[in-house]
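Dear colleague,

Please find the structure that I am handing over to you below.

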Amino acid sequence: MSTDRGDTMKVRFSARDGAWDEWAPALRAALPEMTLSRDGDPAGFDAIIYAPGGDITDFTPYRNARLIQSLWAGVERIVGNATLTQPLARMVDPGLQRGMAEYCTGWAMRAHLGMDRYAQDGIWRNGQVPPLADARPVTVLGMGALGQAVASMLTAIGFPVTGVSASGRAVPGVSVLPVAALDQALAGAQILICLLPDTPDTQGLLDARRLALLPQGAWLINPGRGTLIDDAALLEALDGGRPAHAVLDVFRAEPLPADHAFWCHPAVTVTPHIAAETRPETAAPVVAQNLRRVMAGQPALYLVDRQRGY
């Protein structure tokens, strides 16, 4: 492989404070032919490894960069940058996929088995046997890499899974519906899992009308994007039992303000944006593969469609 500047690939790293110590060893181990640094002449870099919170806001000086490789699966905080003209690749990390699938499956099982009814208060609550998983329909909004990983784990347990997908691509074991059939998918969801990206089309998608379509007693699990849900509409819907409970991992403002109503609502579980993380040990090989492809003149994997926003 040649970089046209010798045998060393020059890569700029830009991410939040503290990320360097976490990521640099794994990236260097996965891509030993790379010179990785946090500063230098912008025109001298072949690529940029990027995550929100870094020091680069103007990509114009990086005129020779062949790829901006995101460390995040979501790219809403960079894709609209007017100075970004270089190809942008989102992160598809097998560790992140497994983490998301485990998070969603764990909370889905809590909902399915009715674990919260067993308060340790001396009352013997026998006779409330849950159905088997094949009688508990699950709807997953968003059938990208994360949605497919979640659906695969749930179907392996026995849950019937319906996916809603903008692309409409077939997914083994899943009944995939187009976005136009969203109302139908919501009406049949005893457990609703939200994994849509943050785009103008998805913001506020779950409003009062759509939340009212959920079956009485349904659970909502949102580890996708906080902008998907109308917060006020959700609080009102919870009071009416549609949904009966919401597990929320992402929010419009993070950290979630201490005085937000979600914290004290009895039908809300708040988790602090921990559903899935990009792990250096599993993501660094993905970065290495993509940078090697680009430097060899091959198209990058997981390129972002600027018009669609993901």
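At what angle do the axes of helix α2 and helix α3 cross? The axes of α2 (residues 94–113) and α3 (residues 145–157) cross at roughly 50 degrees and come within 8 Å. Here axes are lines fitted to C-alpha atoms, for helices over the stretch in contact, with angles running from 0 to 180 degrees between N-to-C directions. Helices (H or I, at least four residues) and strands (E, at least two) are DSSP runs numbered from the N terminus.

Please note that this is a predicted model, in which local features need pLDDT of at least 70, side-chain atom pairs count only at pLDDT 80 or more, and totals for chains, interfaces and linings use all residues. Residues are numbered from 1 along each chain as its sequence is written, and side-chain values use heavy atoms, with hydrogens and water left out.

The crossing of α2 past α3 is right-handed, that is, the near helix is turned clockwise from the far one by less than a right angle. Contact means heavy atoms within 4.5 Å. On the α2 side the contact includes Leu96, Met100, Cys104 and Ala108, and on the α3 side it includes Leu146, Ala149, Val150 and Met153. The residues of this contact divide into 13 nonpolar, two polar and one charged. In this scheme Ala, Val, Leu, Ile, Met, Phe, Trp, Tyr, Cys and Pro are nonpolar, Asp, Glu, Lys and Arg are charged, and the others, Gly among them, are polar.

Helix α1 (residues 19–30) and α7 also have axes that come within 8 Å, and these cross at roughly 50 degrees. That makes α1 oblique to α7, and α1 passes α7 in a right-handed crossing. Glu22, Trp23, Ala26, Leu27 and Ala30 of α1 make this contact with residues of α7, among them Pro280, Ala284 and Arg292. The contact of α1 with α7 has 10 nonpolar, no polar and two charged residues.

Cavity and pocket

A search of the whole structure finds one cavity of 30 Å³ or more. On a 1 Å grid over the protein atoms alone, a cavity is a set of points where a 1.4 Å probe fits but cannot get out, a pocket is an open set with protein on both sides within 12 Å along at least five of seven lines, and lining residues have an atom within 4 Å of a point. The largest cavity holds about 50 Å³ of space, where a volume is the space filled by probe spheres set on the points, which are joined across faces, edges and corners. Its lining includes Asn222, Asp231, Phe251 and Arg252.

The second largest pocket has a volume of about 260 Å³. Of its 19 lining residues, Ala111, Gly114, Arg117, Arg136 and Trp219 are the closest to its centre. Helix α2 gives the most to this lining, with four residues.

Backbone

Most peptide bonds are trans, and most residues other than glycine have a negative phi. The bond from Arg242 to Pro243 is cis, with omega near 5 degrees, and Pro243 lies in the loop between α6 (231–239) and β11 (245–248). The bond from Glu254 to Pro255 is likewise cis, with omega near -5 degrees. His273 has a positive phi, near 50 degrees, and is found in the loop between β12 and α7 (280–295).

With kind regards

How values were computed
Angles under 35 degrees count as roughly parallel, over 145 as roughly antiparallel, 65 to 115 as roughly perpendicular and the rest as oblique.
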